[in-house]
Amino acid sequence: MHIELNDLSKRFGSTVALDQMNLNVPPSSIIAVLGENGAGKSTLLSLLAGVLAPDDGLIRYDGQVFSREKLELRKRLLFTPDVPLMFLDRSIATNIATFASLYGTSIDDHDLMLTRLLDETGIAPLLNRGAGSLSRGQLWKAFMACVTVVNPELWLVDEPFASGMDVIGMGVFRRLARRLADEGGTIIYTTQMVDLAAGFSDHVCVLRQGRIALWETSARVSEIIAKAPEGQEQVLRGLC
Amino acid sequence: MARGVLHGALMEASDLTSWPRVKTGLKFIGLEVFIGFLILLLAGLLHDPFRDSAWRDFMLAGVVMVTTRLKIGHLEWHLDNNPTTRVLWHLPVSGHDIGRWVRGTFFCRSLALLPRMTVVAYAWQGFPALSAAWPLVCMTGLLLWLVMLACVMLSRERLGFRLQAAHLWNLALMAWVALLLYAWWLEKKHAGMTELPAWVPAFCGPASWLLPAKWAMHGTWHGISSVLTLLCLGLGSLRWWQFPPRVGAILDQATVDFIPDEETQNEDETPDENELSGSAESLSDTAEQFPPDKTGSVTDHIRLTAAQEASPDHRGWVERLAFALLDDRQRMLVLLLTDHSPGWTIKWRRGALLAALLLSIGALLQKFGAVWISLETLEPWLWIIPLGVVGVHAFPISNSIPAATTLWPLASRGMPFFAGLPVSARDLLGVSTRITIARMAACLLLAAPVLTIECLLLGSSVPASLLTLLAFATAWTSMRPLFIYYRLQQSSRAVRTHLFGLVFCHFLILVLGVSMLPVMIVGVVSSPSILENQPWQSPLCLLITALAARSIFGLFHWRARARKIDWVSQ
């Protein structure tokens, strides 16, 4: 999915969260959004998901102006906040079926991948268990099963590397995100781990005080980190 | 200019974060003025002929005790659910200090009730003659407020066996509500009536002595009342000072279970205990059982489990009726927004059973109890209670939309339940309206026979009453978009916009709201007591109401489409 942000601004009272941001995200790419605490990373994801509305500016998905009530566009994207949105009083199986139903997809189309993901993450034996009884890491793993059946064109993920998932779960996340990107999708995730972002993305976007301080390929960011010992901090501050 | 007024320099200079506090303060003042107005209305109901009766004392003492009852709940909330208490409990803070903090917070919040108590004192001392001695009114108000605090502290005192003081007050308050409705009924029925039936003051006299507020109502030394007031205040003070150590002892011994689960909060429609335990068992019974057969497909299993949970087969007929009106997507939404089993059928059956029982008792009293109870006395009870029981059990009030718009249980960003999913405001409206139609039909199936029997017992016109009932049901159903608008508006925040657009939008909502007043106020508020055909029941009036409610929702939806709304739970 091709994403364009034109002069996107968001304020909370006197606090400027995003300030006339312009961005052009190509399809089939993984974007890591970096920034210090309060830089506006989560606000950006909420705006892209339609949970928040911009004060000024436009978001365009494949050329169409986006608003939350445009359900056809909404069905093409999936938002994962820092704690995945699952129905805690329902079983994991029902959650997966529900996501498929709400997004108008079929579980059968993803049978093989779903089975593999559930086995790999160890969620398969827990399918009948209520989502509310899972740990945070398990909840993330179960949610990735929902992502598999939704197969979104745009996946907005908040802090996946601080999700509490073990190394197996993180591996599954990386493979899932890469597969979605290879199929033409776009993955935008936030993180504060500069080295992880450089290692797992196509482009790195650094936000600072509501503006884009750096937009670079991950290869270039890796070079910057490797050159100087304080490279990570420089990247996070957008001082390259 | 618009931004300057709404969110601009003026507000930014004075710190924007203060605006929500000012807004909350204004809302609170508005609420208190409204409650004060209600109290004075109540005092007006107790006009001169009743002024010296036990009836007046009972009514006004009831107002204080209703407030006391609410404050007992507030204190418990501060102890059990207040987020700050939860944080303190997890920190190295002694239970004694937490108790002191809770008591201090409770005291500060209670200060705001002093004006209300003063209004009650004024209503007792000087209304409607406007002849109050103000120093005495203020002193009585203060005394009532102190008694209220003392009662909160003493509410859990055991009076012997398992009886607590709060139990006695609850009983008296139930009688208070019933008598208030009765007086209202009599006022409606007999305009200009000068006295109540003799049994009312005879009942109110002893009953009012159960309410400590009555003892303090005089404001000056008044024999045994003052002794009881002093006793209440003395014991209350003792418990006030003992509160931190007593609470501290409980908190210090409490386990993690003491702090309630986050999941159990924000539930507007609480299911029956049986249903809850049933659903929990069904989940735990099946947990860890998959995969029963390794050769079985995961997708088959998911589909089967989801279908079992979604199936309306094991639900009652009201649920099945509602499901029949919904498409697959809407059914899925209902499953997300309601409890495992909303219990509509169970409540309907319970309502039917109770209404039948009450009508039978009414009929028997009318037949055999005429010697000691007049038909006039019986009339309001025949009217109010069975229909009230039907209303409480079968009437569609919320229809799950509160669940959709409250905070997502775990998300830390304050998102409403549906904000992260491809679910629109119009989806919620569609689901809620259809459920309302189904449940209203079920409610009418129960209310219509009850009303018919009541009319036959009382000799009223059956067609006119049924017409009123139908008009009421139509009005309520057609106002559903207004309720959805209210809920969505509560869980959203308008983003910066032009002042003209905002004012114009609110002006339109005001105009549309005013056009609904005839039905909303005259119809919905007073229809239970008026059987005759009223102008508000006309099809034109109902149509205007339906269109106005839909238009208000439409305005909100238009703003949402125009990207002017943030979905943030309050």
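Predicted model: local features only at pLDDT ≥ 70, side-chain atom pairs only at ≥ 80, totals over all residues.
## Aromatic pairs in chain A

Let's start with the rings. Counted over all chains, there are 18 aromatic pairs. Take Phe173(A) and Tyr189(A): their ring centres sit 6.4 Å apart with the planes at 90°, so this pair is edge-to-face. Phe173(A) belongs to helix α6 (residues 167–182) of chain A, while Tyr189(A) is in strand β8 (residues 186–190) of chain A, so the pair links parts of the chain 16 residues apart.

Both partners are tucked away from solvent. Phe173(A) is buried at 0% relative accessibility, and Tyr189(A) is buried too, with a relative accessible area of 0%. The two also belong to one aromatic cluster, made up of Trp155(A), Phe161(A), Phe173(A), Tyr189(A) and Phe200(A).

## A stacked pair in chain B

Over in chain B, look at Phe395(B) and Phe472(B). Their ring centres are 5.9 Å apart and the planes meet at 25°, so they count as stacked; the cut-off for that is under 30 degrees. Phe395(B) is in the loop between α18 (375–394) and α19 (401–405) of chain B, and Phe472(B) is in helix α21 (residues 462–478) of chain B, so the pair ties together parts 77 residues apart in sequence.

The limit for buried is under 20%.

## Helix α8 of chain A

Helix α8 (residues 218–227) of chain A has buried residues Ser218(A), Val221(A), Ile224(A) and Ile225(A). They cover an arc of only 115° around the axis, so they lie on the same side of α8(A). In general, an α-helix has 3.6 residues a turn, so residues three or four places apart point the same way.

The face turned away from the buried side of α8(A) carries exposed Ala226(A) and Lys227(A). As for the cover over the buried residues of α8(A), it includes α7 (194–199), β9 (203–208), β10 (211–217) and α9 (231–236) of chain A.

## Helix α6 of chain B

Helix α6 (residues 95–111) of chain B has 17 residues, which at 1.5 Å a residue should span 24 Å; its end C-alpha atoms are 24 Å apart, so the two agree.

Among the buried residues of α6(B) are Ile98(B), Val102(B), Thr105(B) and Phe106(B).

Conventions
Residues numbered from 1 in each chain as written. Chains lettered and ligands numbered in written order. Heavy atoms only, no water. Phe/Tyr/Trp six-rings, centres within 6.5 Å; stacked < 30°, edge-to-face > 60°. Helix = DSSP H or I, 4+ residues; strand = E, 2+ residues; numbered from the N terminus. Buried < 20%, exposed > 50% of the residue type's maximum accessible area, 1.4 Å probe, protein only. Arc of directions from axis to C-beta. Contact = heavy atoms within 4.5 Å. Expected span 1.5 Å × (residues − 1).
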